[in-house]
Amino acid sequence: MDQYIVFGNPIKQSKSPTIHTEFAKQTQQDISYQARLSELDEFEQNVKDFAQQGGKGCNVTVPFKERAFKMADKVSDRAKLAQAANTLTLLPDGTIEADTTDGAGLINDLIENDVPLKGKRILLIGAGGAARGVIQLLLEHLPESLTITNRTVSKAETLVERFAGLGNLNALAFDSLEQGYDLVINSTSASLSNELPPISETVFKPGGYAYDMVYSDKPTVFVEWALQNKVKLALDGLGMLVGQAAESFYVWRGVRPNLLPVVKLLRA
Ligand code: ATR
């Protein structure tokens, strides 16, 4: 049986084992998938040990995505742009291949929920690893513009430089934002501690859309805030989580599982 692991710290809350086990059932693949805590200074060694024991691949979550990218022998184009990896493939000759599937996970979920992107004005809040992983794919869907805003505005400007040429991209400070973006995406880790990014509620457009990359059992504070400001649909990141897992599963197994039954199972 082929073995897979997700490494993170913390890792207890991870839903990845449930998701991949469901995908395996759906597609009749014979795999095992476990969550494993990695001490902060042991991540690279843990991956190498797992590869030596015959492990076929691992997912990588907070705070190891950049280190996963750096330790790989080969990297996909999308991982290179994101400078981060959430999916490592461990080849029998010891080679480690890195990829990132977070962007695909977000886009899959937006498409599944009929959120329009083409010709739309998108605001992305945050400029950390989570933001970097989705910029390229958002631009590929031809929005009118993608604005990146961040508490530390220089980080948003750095991202605009890195992705320049891929689309109409700009950086603005929290207090200089325009009004009424068609889609507002929160990629900050603020929701994890029930905080809202300190920006004006006028960024939301009545009838528009909002997306929080974080998820929890209850609606996140960002989702609630967006709904109070009359967006048509505000989604949390559960669908993105399942979507990125499906893309990782595809990278490893060459089969695309169905997302919706697994999202439903996790909500229940
Ligand atoms: P991740 O990989 O999850 O994106 P990260 O790289 O540490 O994690 O980035 C966290 C992001 O959340 C950053 O954009 C951070 O803003 P700064 O770059 O200014 O630090 C943002 N963030 C975290 N807590 C926040 C808060 N309370 N308000 C606004 N932004 C916050």
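Here are some friendly notes on this predicted model, point by point.

1. **Two domains.** Start by finding the two parts of the protein. The domain assignment puts residues 2-100 and 240-267 in domain 1, while domain 2 covers 103-236. Notice that domain 1 is written as two stretches of the chain. Taken over C-alpha atoms, the centres of the two domains are 25 Å apart.

2. **Where the domains meet.** How many residues of each domain are in contact with the other? In the model, 16 residues from domain 1 touch 18 from domain 2. Between them they bury about 1,400 Å², and carbon and sulfur atoms account for 56% of that area. On the domain 1 side, look for Leu81, Ala82 and Met240: these three supply 44% of the area that domain 1 buries against domain 2, more than any other three residues.

3. Two salt bridges are found across the interface of domain 1 and domain 2. Four residue pairs are in polar contact between the two domains.

4. **Which elements face domain 2?** Helices α4 (77-82), α9 (238-253) and α10 (260-267) are the elements that each give two or more residues to the side of domain 1 that touches domain 2. Of these, α9 gives the most, with five residues. Sorted by class, this side of domain 1 has seven nonpolar, four polar and five charged residues.

5. **Around Asn46.** Now move to helix α2, residues 43-52, where Asn46 is found. Its side chain makes a polar contact of 2.8 Å with the side chain of Ser38. If you leave aside neighbours within four places in sequence, Asn46 is in contact with Phe7, Ser38 and Glu39.

6. **An aromatic pair.** The model has nine aromatic pairs. In one of them, Phe7 and Phe50, the ring centres are 6.5 Å apart and the planes meet at 85 degrees, so the pair counts as edge-to-face. Phe7 sits in strand β1 (residues 2-8) and Phe50 in helix α2, so this pair ties together parts that are 43 residues apart in sequence.

7. Arg67 and Glu44 form one of them, with their closest N and O atoms 2.9 Å apart. Arg67 belongs to helix α3 and Glu44 to helix α2, and this pair links parts of the chain 23 residues apart.

8. **Backbone details to look up.** Most residues other than glycine have a negative phi, and most peptide bonds are trans. Finally, Leu142 has a positive phi of about 55 degrees although it is not a glycine. You will find Leu142 in the loop between α6 (129-140) and β8 (145-149).

How values were computed: Residues are numbered from 1 along each chain as its sequence is written. This is a predicted model: local features need pLDDT of at least 70, side-chain atom pairs count only at pLDDT 80 or more; totals for chains, interfaces and linings use all residues. Side-chain values use heavy atoms; hydrogens and water are left out. Domain bounds come from an automatic or database domain assignment. Contact means heavy atoms within 4.5 Å. Buried area is the accessible area (1.4 Å probe) that two parts lose on being put together, summed over both. A salt bridge is a side-chain nitrogen of Lys or Arg within 4 Å of a carboxyl oxygen of Asp or Glu. A polar contact is a pair of N or O atoms within 3.5 Å; within protein, one must be able to donate a hydrogen and the other to accept it, and residues adjacent in sequence count only if both atoms are side-chain atoms. Helices (H or I, at least four residues) and strands (E, at least two) are DSSP runs, numbered from the N terminus. Ala, Val, Leu, Ile, Met, Phe, Trp, Tyr, Cys and Pro count as nonpolar, Asp, Glu, Lys and Arg as charged, and the others, Gly among them, as polar. Rings of Phe, Tyr and Trp (its six-membered ring) pair if their centres lie within 6.5 Å; planes under 30 degrees apart count as stacked, over 60 as edge-to-face and the rest as tilted.
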